[in-house]
Amino acid sequence: MDRPKKRDTLRAVSSMSSLTANVEENGSKGIRAVNSLCSIAELNDKDLLALLLDRPRLKLERNKSYDEKSFGDLSLYDGRSGRNTPIFSIRDSFDIHPLVTEAWEALRRSQVYFRGQPVGTIAAYDHASEEVLNYDQVFVRDFVPSALAFLMNGEPDIVKNFLLKTIQIQGQDKKIDKFKLGDGAMPASFKVLHNPIKKTDTIVADFGESAIGRVAPVDSGFWWIILLRAYTKSTGDHSLAERPECQKGMRLILSLCLSEGFDTFPTLLCADGCSMVDRRMGVYGYPIEIQALFFMALRSALSMLKHDAEGKEFMDKIVKRLHAMSFHMRSYFWLDFQQLNDIYRYKTEEYSHTAVNKFNVIPDSIPDWLFDFMPLRGGYFVGNVSPARMDFRWFALGNCIAILSSLATPEQSMAIMDLIEARWEELVGEMPLKICYPAMESHEWRIVTGCDPKNTRWSYHNGGSWPVLLWLLTAASIKTGRPQIARRAIDLAEARLLKDGWPEYYDGKSGRFIGKQARKFQTWSIAGYLVAKMMMDDPTHVGMISMEEEKPMKPVLNRSHSWT
Ligand code: GLC
């Protein structure tokens, strides 16, 4: 294949903000010659980034506006909506990993149809498993990596159908026993029932009323908004987001989480099991996963709400909330060596505005593992912050979303990636990526999980390793200009995933064992891998799911004239 000169390719993307430093440095000093035969592991980040940027020549040339846009908000619009042929064609590519072909076949097998139209993918296509439970349903959160894979492959229709179908489901009457749920509540999952005799298709949705533990899928609405933005960015088709049902759906989701209550914090109060970790795991309160998704959904909605009277009312609320949230999260959820040392020396029982230990965190509640775990360089957003309670555990999804949504400052984003590198054994181990770290054992496990046999130490949600998280790590690595981290993680996943039958999760301290009750052919493990690969092939894809830091996000202050 006739490849462009590195310098030309690099110039074409010289405004990609996160990449600018690397790119310009390379451009001025000249790129170190990269021997294509050398192992990818021997390359440093700059070499790898240059190689990555060197690959998607066709797309870079097609998208003339790339130089004018920042990387994070990069629009991938190239008029490809309505195309029939996938952008990605297995036959066209000369270096397709055999896993990619297998993964596409498996992903296509998982597609679910409603009246002949694809509307989603089932959670797992595991015929060997005796218990189907609800893994034969389309989960909103699980569909996100599938949707991104389809968008990146130039197949937006299934995503559009899914978005429209789920927002229609939102309008259903939702009751648990005698209690009516909020209008904005989105389903955790839905199932298409085919009646072969009557030849009809009907949809049955679950808003938590059938789910184990009757858990509320708080994340579903946020993922829906985030996916709508990804669809719009990828296709350039604004007409979907502008449809009245989508505008209304967004406003309903927003009214649920922007309503006033008794809160003293701008973060969102949640019950246990409200997101990917959908069982009792001590994440009740203000879990990082929900806060990061909430922040990203607010920013996404802000870019898609119409500037009409109804839309504007929400926009004002969103701007104020984002401002308060970023201050709160960046100050109180952030933990690094310095901050840990400060907490260690905290005084307690401080009253008044001058309190340093605002939430009355008792230093004795700092767990022992943390003193060894915290590197001198690096940091992360802790799991939860509420009165006298800091959950110091690391949660991967929340931290990656914090990077992608720019909830984390650029320095904090770098520090999170530093932590992942410094604590590779613990957080990545033999299979990317630990959902949370560390696991709870014995007495703590009994009290916190309620003796949950599925969540024993280093299994499932309790310190298990989830391949789906690979796409988030890859997106965060590319956004922070450190794709070498993703490369290492992808290599690990590639060595096992197909052989092991695409498990849902792995067990053990270093994630070496296929999970005790893990489904095989878990769709988001498959799609997560594909998305990671496609982003590495064409880093501009990250723009669908990544946002640059908003410069002045301050609400307008109306100063009295007498001040001036
Ligand atoms: C498990 C996971 C949840 C996922 C579901 C379907 O319940 O905890 O996050 O959505 O399986 O895969």
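Which backbone oxygen does the side chain of glutamine 247 reach? To find out, open this predicted model and select helix α10, which spans residues 244-258 and contains glutamine 247. Display the side chain of glutamine 247 together with the backbone of alanine 241: the backbone oxygen of alanine 241 is the atom reached, at 2.8 Å. Then colour by accessibility. Glutamine 247 has a relative accessible area of 4%, and because buried means under 20%, this residue counts as buried.

Next, select the ligand. The space that the ligand takes is the largest cavity. To view its surroundings, select Ala123, Tyr135, Phe139, Arg141, Asp142, Met276, Asp278, Tyr460, His461, Glu504, Gln522 and Trp524, which surround the ligand. Colouring this shell by residue class gives six nonpolar, two polar and four charged residues.

Keep the ligand in view and turn to individual side chains of the shell. Begin with arginine 141, where a polar side-chain atom lies 2.9 Å from an oxygen atom of the ligand. Move on to aspartate 278: one of its polar side-chain atoms is placed 2.7 Å from a ligand oxygen atom. Then select histidine 461, whose side chain has an N or O atom 2.7 Å from an oxygen atom of the ligand. Taken alone, the ligand exposes 310 Å², of which the protein buries 96%.

Definitions and conventions:
Residues are numbered from 1 along each chain as its sequence is written. This is a predicted model: local features need pLDDT of at least 70, side-chain atom pairs count only at pLDDT 80 or more; totals for chains, interfaces and linings use all residues. Side-chain values use heavy atoms; hydrogens and water are left out. A residue is near a molecule or strand if one of its heavy atoms lies within 4 Å of it. A polar contact is a pair of N or O atoms within 3.5 Å; within protein, one must be able to donate a hydrogen and the other to accept it, and residues adjacent in sequence count only if both atoms are side-chain atoms. Accessible areas come from the Shrake-Rupley method with a 1.4 Å probe; for residues, only the protein chains shown count as cover. On a 1 Å grid over the protein atoms alone, a cavity is a set of points where a 1.4 Å probe fits but cannot get out, and a pocket is an open set with protein on both sides within 12 Å along at least five of seven lines; lining residues have an atom within 4 Å of a point. A molecule sits in a cavity or pocket if more than half of its atoms lie within 2 Å of its grid points. Ala, Val, Leu, Ile, Met, Phe, Trp, Tyr, Cys and Pro count as nonpolar, Asp, Glu, Lys and Arg as charged, and the others, Gly among them, as polar. Helices (H or I, at least four residues) and strands (E, at least two) are DSSP runs, numbered from the N terminus. Buried means under 20% relative accessible area, exposed over 50%, partly exposed in between (1.4 Å probe, protein chains only).
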